[in-house]
Amino acid sequence: MADSVLYEVSDGLATITINRPEAMNAMNAEAKVALREAARSAAGDAAVRAVLLTATGRAFCVGQDLKEHIGSLAADREAGTGQTMSTVREHYNPIVRALTGMPKPVVAGVNGVAAGAGLGFALAADYRVVADTAAFNTSFAGVALTADSGVSWTLPRVIGPGRAADLLLFPRNISAQEAYDLGIANKVVPADELAAEAAKVARALAEGPTLAYAALKESLAYAASHSLDEALDKEDELQGRAGASEDHTIAVQAFIAKEKPKYLGR
């Protein structure tokens, strides 16, 4: 894995760390490939039970590296191609699909500003622990672009379509407190406690009933684009699967015995 993205698995928890602090963790070509491959590795590794996505330095991710981007646009104009914008299809979309689609919970530890694609990555997580010094910004319209990295889908589902349109049309910094009030942040903690708290949340999920978490992710994604009747049928299907799992039996036995369950993920 490239140094621009660090990847570590320990006791069922995969930690993915965006590591370009000198560039506020902007996504250059190397970082985009590395983040895509890290997310895919975590999704496909049966030993990984939960994922923590975080970053080094004072930013979470400010989106596309515009210094690299402007050079790529110039090369496109000279060659008469549009290769630069294929990065949405080749990098950003696969990253978001891996984060949202993996059958395991993803926690974003947002240590600083999350803008553009960085906001998309944070919203692709299932739970967001946010430093009180962090901020969010859609950014896209500020550089004459439309939304990518799933923001057009995730943001209105988190805060509602009216508020999403406002933030996309008129980009501005959203403080951690406002993000909490809007529902973007699930938990806001002092900046010096962010790393420990995000790891604590992710670790708790890694030790939990991961099959049930996978079913919950599938259920929520399905319900977002289906009718109530279809969602009820999906719940029936998924609950039958969860009820037949060893984890469910372990949980019921532990409840009766007043003990803490030790889940197996099967």
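This is a predicted model: local features need pLDDT of at least 70, side-chain atom pairs count only at pLDDT 80 or more; totals for chains, interfaces and linings use all residues.
Residues are numbered from 1 along each chain as its sequence is written, and side-chain values use heavy atoms, with hydrogens and water left out.

View 1. Strands and helices are DSSP runs numbered from the N terminus (strands: E, at least two residues; helices: H or I, at least four residues). Strand E1 (residues 5–10) pairs with strand E2 (residues 13–18) in the antiparallel sense over six bridges; pairing requires that DSSP finds at least two bridges between the strands. Ser 10 stands opposite Leu 13 in E2. Two residues lie between the strands of this hairpin, and Asp 11 takes a positive phi near 50 degrees.

**View 2. The open sheet of six strands.** The strand order is E1-E2-E3-E5-E7-E10, and the pairing is mixed. E1 and strand E10 (187–189) stand at the edges with a single partner strand each, so one side of each is left without a neighbour in the sheet. From one strand to the next, the twist averages 20 degrees. Strand E5 (residues 106–110) and strand E7 (residues 127–131) pair in the parallel sense over four bridges; Val 107 has Tyr 127 in E7 as its bridge partner.

**View 3. The open sheet of four strands.** Here the order is E4-E6-E8-E9, with mixed pairing. Strand E4 (59–61) and strand E9 (174–175) are at the edges, each with a single partner strand, so one side of each lacks a neighbour in the sheet.

**View 4. The packing of H9 and H10.** The axes of helix H9 (residues 210–223) and helix H10 (residues 228–243) come within 10 Å and cross at roughly 170 degrees. Axes are lines fitted to C-alpha atoms, for helices over the stretch in contact, and angles run from 0 to 180 degrees between N-to-C directions. H9 is therefore roughly antiparallel to H10 (angles over 145 degrees). The contact (heavy atoms within 4.5 Å) includes Ala 215 and Tyr 222 of H9 and Lys 234 and Leu 238 of H10.

**View 5. The largest pocket.** A pocket is an open set of points on a 1 Å grid over the protein atoms alone, where a 1.4 Å probe fits, with protein on both sides within 12 Å along at least five of seven lines; lining residues have an atom within 4 Å of a point. The lining has 20 residues, of which Ala 124, Ala 125, Asp 126, Lys 217 and Leu 220 lie nearest the centre. H9 gives the most to this lining, with five residues.

How values were computed
Angles under 35 degrees count as roughly parallel, over 145 as roughly antiparallel, 65 to 115 as roughly perpendicular and the rest as oblique.
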